[in-house]
Amino acid sequence: MKLIKNQNQQGFTLVELMVSVGLGMVILGVITTASIALNRSFAAVDRFFSTHVQQVRIIDYLNRDVKRSNIAEISADAQTIYCWVPKYVIQPGDSDATAGNINTRRTPTITKTGYGYQVDYYPSTSANGPGGTSTNNSAVVYSISGKSILRTEDGVVTTVASSTDQLVDQVTDINLANSGYLSTVVSFLPVFTSSGANVERAGTTVYSTAYLRNMRRGN
Amino acid sequence: MKTYVQNEDGSAIICAMGTILILSIIGANVLMNCTTRYNVTSKQVSAWRNALAAAEAGADIAYAETRKTFTPGATPFTGTGWSSPDSSVGPWTYTMPTPIGGSGNLLATATVDTLPVNNLLPVDRGYRYYRIRSIGTSRVSGLRRTGMDDTPARVGASFGLAGARGGGDSLVRKIDFNFDHFIATYGDGDGNNKRVVSVPTDANGQPMAQVSRRIELVAVPILPTGRGAITTSGSFYGPGSAGVIDSFNSNNGPYDPTVAQGGNPLPQFYSDSRDGNVICGGSSFTSLTGEIYGNVTTNGATLRTDRYIYGTVDNNVPVVVSPQPAVTPPPSRVYEAGSPATINPPLNNPNCGGNSPDSWANAPWYLYSQLKDVTINPVAVNSTPRETYVNIVVNGDIKTNLTINKGANVRIYFTGNADIKVSNFSNGNVDGSALLNIDGTTSTNHSASAHVQFYGVSPTAPATQTINLDANGKPTIEALWYVPGADFISKGNIMMYGVVVCKSFYENGDCYFHYDKALANMLPPNDYRIASYVEDIR
């Protein structure tokens, strides 16, 4: 059997080539566009989740500190929260601190005040409240600095939410009611990237209410 | 036969696979991030919050045991799950026998001990103050390898045995994936017995991540007359538009009407004037715009602070008012003969074991079917009245006239109603002053109200007692009223000093009610309440 060589060596015509290249570019363009859109969408979802995680973190921090506060106050512009929490654990620098009792729990003393029994953990007073208010509690302050929310406990600052995830704080509206609870609204504008520019979309809002357990004076 | 060799050159499949690969890489990358976030928000946050619920459940169980202290026939800290090296003095430990929670992932342990007596007020050292420490533990489900979000400030490893943690989620939600960080770092909380404790393992021997939260509560006894001016288990109505409820402390002197209004600088005993608390155990609270210098609590009302209430308002406070049992003379004590119109307590009384009436324990007992037109005198030494004590049991009603002369202390236990024309009621004792006791020592009783104490024996429900105070003009009555089964009604512009504990309180006049804080410790505690809540956030 004789092998017959394929003699057909004709190429594509110019028209065929242009059509095929054109089709290929269209398909590639579609794929590229889809990829970019998908990437952008995923990035948006990621940022949304990140935003939500930080919202939840703020609420968790606030709830924890408000619940254990003796007193909670808000600033006039509702952007700063002051919590006075009992100094439960002996820290270096406290008036009753010794070499052997750092990081141990205090035993409270009980007195009577106009509000009934008052349980005090820290025997001394210190000027650690806003405006130098003397108190025997730890001062925990929540404040907004730029695009970050800071938590400051006795001067130690922790950033509990930041702009690294492209968060834009919109409103932190806090209302302290008479009966001793803190109702908090934390809203952020997740940032989406569109045409090379950051675009703010509809904000996400988390509501929370925490009771001051120490302020509750059951009878 | 001709065989053609097909052209096998091509790139379609390669292009397709490349595209899929690129998309998969993008998708996997984002999915990984999203899964981390999802794991944090749905699993770890949930577990962290549930751990507090478990801790509070353990604390609630312990608190319920402390309240058994005043429940007849009940022995606290003896139920299922409780143990103690010495059940009479504690400490007592509770271990939840079975997990709780929707998927049985929550456990709690609680330890109860009593506060050292030196940390209490001397006057309160006869009572137990309980410290409740509770640990709630929740298992953390979800993906183990996706950790927490420490985006704000990544500062090193999150879960080390030494307790080093990051700056974001791991700082607030301290999850133990392999070892208990708290025991490793703080031992029992005070640095004792530090050790490495692994988290529990599942059926496959894999560690089950968990999160623990620790809270400490202090339960203090409730003094029935120490809560405020007026305590009801039901409704409250009043005070009139020109009425006032405030407080003072007779140990610091007589009532001063200018103190409550304050001043600049504040008067010395200003703080004593703002405890005219009203504790309403029902949802019916009617304010007639009289001023209340104190806090108001209700159990379900929709009251708000206004310019008439100078304290706080809490509408979520249940009230426990213990019934007043019938009282008879204790063993070795018998009633005095007859029901005299004038009581002159005898010295060296054989009906009281030969004792003189120098204390409540040595007070003579008198029995009446109705108390009306009665005068009570003290023992006098050299014509000077001395502090003298008298018990009266009334199996019926109380009516005026009633005269309690200076120096006489009287406790009146009655089963019927009280109908008192206040202008015909006389308490000769004076707030802020103290007489000598029979033995010549100086009395510490500076309260006129403490000298006259009314105890209404609680009727069997649904029966109700009625206390009716009626006035012409502006008469004064100083007394302690513990009438838990009574509807207390005040008509007219009465000047009341003392304290009232009743079923319901109604006053339709411009009554002035001055709560004497010296009465706070007149009755023993009947319940416990939580006075402090702290969380160990280490």
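I will talk through chain B as a whole, then one of its sheets, and then a single residue in chain A.

Please keep in mind throughout that this is a predicted model.

Let me begin with chain B, in which there are 3 helices and 31 strands. The radius of gyration of this chain is 34 Å, well over the 24 Å that the globule rule gives for 538 residues, and chain B is therefore more spread out than a compact globule. The spans of its C-alpha trace along the principal axes are about 145 × 55 × 50 Å. Of the 538 residues in chain B, 44% are buried, and if we take the contacts with a separation of 6 or more, 58% of them join residues 24 or more positions apart.

Within chain B there is an open sheet of 4 strands, ordered S15-S17-S22-S25, with parallel pairing. Its edges are formed by strand S15 (342-343) and strand S25 (425-427), each of which pairs on one side only. S15(B) pairs with strand S17, residues 374-376, in the parallel sense over 2 bridges, and here Thr342(B) stands opposite Thr375(B).

Beyond its neighbours within four places in sequence, its contacts include Asp96(A), Ile102(A) and Arg106(A). Ile90(A) and Thr13(A), by contrast, are 77 residues apart in sequence and 88 Å apart in space, C-alpha to C-alpha.

Conventions
Residues are numbered from 1 along each chain as its sequence is written. Chains are lettered from A and ligands numbered from 1 in the order in which they are written. This is a predicted model: local features need pLDDT of at least 70, side-chain atom pairs count only at pLDDT 80 or more; totals for chains, interfaces and linings use all residues. Two residues are in contact if their C-beta atoms, placed from the backbone, lie within 7 Å. The radius of gyration is taken over C-alpha atoms; the globule rule is 2.2 Å times the number of residues to the power 0.38. A residue is buried if 20 or more other C-beta atoms lie within 10 Å of its own, exposed if 12 or fewer, and partly exposed in between; C-beta atoms are placed from the backbone. Two strands pair if DSSP finds at least two bridges between them.
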